[in-house]
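Student: Could you walk me through this structure, one feature at a time? I would like the general idea and then the case at hand.

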Amino acid sequence: MNDKIFQRHEIKYMVTDSLRDAVIRGMSARMIPDPHGKSTVCNVYFDTPDYRLIRRSLEKPEYKEKIRIRSYGKCRPDDKIFMELKKKCRGVVYKRRISLTEAECESYLAGRAPLPVDSQIGREIDYFRSFYRGLAPKVYLCYDREAFYDREDDSFRVTFDRNIRYRETGLSLTSEPGGRLILPDGYSLMEIKTGGAIPLWFVEIITRYRLAKASFSKYGTAYGIILREKLDKDGCFVRGNAAFSPKADRQYRDMRKTERGKINAGYAFFGNNDGREPVAHSLFN
């Protein structure tokens, strides 16, 4: 079982296909393809029965964490995959990762067997599972990725993810990749991953193409869709990042007219629960 630790900044940009191609051309002299090259990244995200992890993440706290398993394409039970504990504190991402077979991972997460080898990261994952009771697979996410790294500094990486799909069934990495699109055709999520500063030559690319930072969470976006569809089915609806019943909406409108303050019945905020009007984009972290 191999352990690996990452500590870095991750900065996201939403780009069109033409912008993606222009950026790749602009950095081609300095960046080379990742060993995985073009690949389909497959993930299964785990959460509590009430989606505590992703709900907490969408509140934009100083500290947040999540757990997932990952493979590159469909795997078999005896193939090696990654189990990842990802944390973010004050803008810095800390990722702990161990490699084990899909069968070993499935047995461990189902509570049938311990991790095959004792390690520091394994103990962190054990604690995480004991703290967040009832962890279970919730969402399968896959996407087509092109990855590059700096030939002089392999800690500087740039990835492009497109065809981002999710589903709530077939929550196994041994299943065929697929699901519902959450990013329109013609767009990619570009992500800079760096342990230090962005190189000046890449800052010039960002400036040249006027790239603007984007706030986008794949799991958060999938959860937002799941939540909205469930509320619609239950006769509720969503305004911004708040879920309302019809009765609560009338109260909300009255509150906005009279500025009396916070409504206390019939709705739940999934952002800052402080009575302010919800921010529509906050589901996309």
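**Reading the model**

Tutor: Gladly, and let us start with rings: Tyr127, Phe128, Phe131 and Tyr132 form one aromatic cluster. Please keep in mind that this is a predicted model, where local features need pLDDT of at least 70, side-chain atom pairs count only at pLDDT 80 or more, and totals for chains, interfaces and linings use all residues. Residues are numbered from 1 along each chain as its sequence is written, and side-chain values use heavy atoms, with hydrogens and water left out.

Student: How many aromatic pairs does the structure hold?

Tutor: Rings of Phe, Tyr and Trp (its six-membered ring) pair if their centres lie within 6.5 Å; planes under 30 degrees apart count as stacked, over 60 as edge-to-face and the rest as tilted. The structure holds ten such pairs. One of them is formed by Phe131 and Tyr132, edge-to-face at 4.9 Å centre to centre with 80° between the planes.

Student: Is Tyr132 buried or exposed?

Tutor: Buried means under 20% relative accessible area, exposed over 50%, and partly exposed in between (1.4 Å probe, protein chains only). Tyr132 has a relative accessible area of 10%, so it is buried. Phe131 is partly exposed, because its value is 41%. In another pair, Phe156 and Trp201, the ring centres are 6.1 Å apart and the planes stand at 80°, so this pair is edge-to-face. Phe156 lies in the loop between β6 and β7 and Trp201 in helix α5 (residues 200-208), so the pair ties together parts that are 45 residues apart in sequence. Both Phe156 and Trp201 are buried.

Student: Which elements make up the chain?

Tutor: Helices (H or I, at least four residues) and strands (E, at least two) are DSSP runs, numbered from the N terminus. Here the protein chain has seven helices and twelve strands. Of its 285 residues, 48% count as buried.

Student: How do I read the pairing of β6?

Tutor: Two strands pair if DSSP finds at least two bridges between them. β2 and β6 pair in the antiparallel sense over 13 bridges, and Cys42 stands opposite Cys142 in β6. β6 is also paired with strand β7 (residues 157-167), again in the antiparallel sense, over nine bridges. There, Asp144 stands opposite Arg162 in β7. β6 and β7 form a hairpin with six residues between them.

Student: How many of the residues of β6 are buried?

Tutor: In a regular strand the side chains alternate between the two faces of the sheet. As for β6, eleven of its 15 residues are buried, which leaves the strand mostly covered.

Student: Which residues touch the most other members of the largest nonpolar core?

Tutor: A nonpolar core is a set of buried Ala, Val, Leu, Ile, Met, Phe, Trp, Tyr and Cys residues joined through side-chain atoms within 4.5 Å. The largest one has 24 residues, and Ile69, Met83, Ile125 and Leu173 touch the most other members. Among the elements that each supply at least two residues of this core are β2, β3 (63-72), β4 (80-89), α4 (120-131) and β6 (136-150). A second, separate core of 20 residues includes Tyr45, Leu141, Leu227 and Leu231.

Student: What is Ile125 in contact with?

Tutor: Contact means heavy atoms within 4.5 Å. Leaving aside neighbours within four places in sequence, Ile125 is in contact with Ile67, Met83, Leu85, Ile98 and Tyr108. Across the protein chain, residues 24 or more positions apart account for 70% of the contacts with a separation of 6 or more.

Student: Which side chains make polar contacts with Glu65?

Tutor: A polar contact is a pair of N or O atoms within 3.5 Å; within protein, one must be able to donate a hydrogen and the other to accept it, and residues adjacent in sequence count only if both atoms are side-chain atoms. The side chain of Glu65 makes such a contact with that of Tyr63 (2.7 Å), and a polar contact of 2.7 Å joins the side chains of Glu65 and Tyr132. Glu65 sits in strand β3 and is buried, with a relative accessible area of 14%. Not counting residues up to four places away in sequence, Glu65 touches Leu53, Lys86, Lys87, Phe128 and Tyr132.

Student: And what about Asp34?

Tutor: Asp34 is found in strand β2 (residues 31-47), and at 11% relative accessibility Asp34 counts as buried. A polar contact of 3.1 Å joins the side chains of Asp34 and Arg157.
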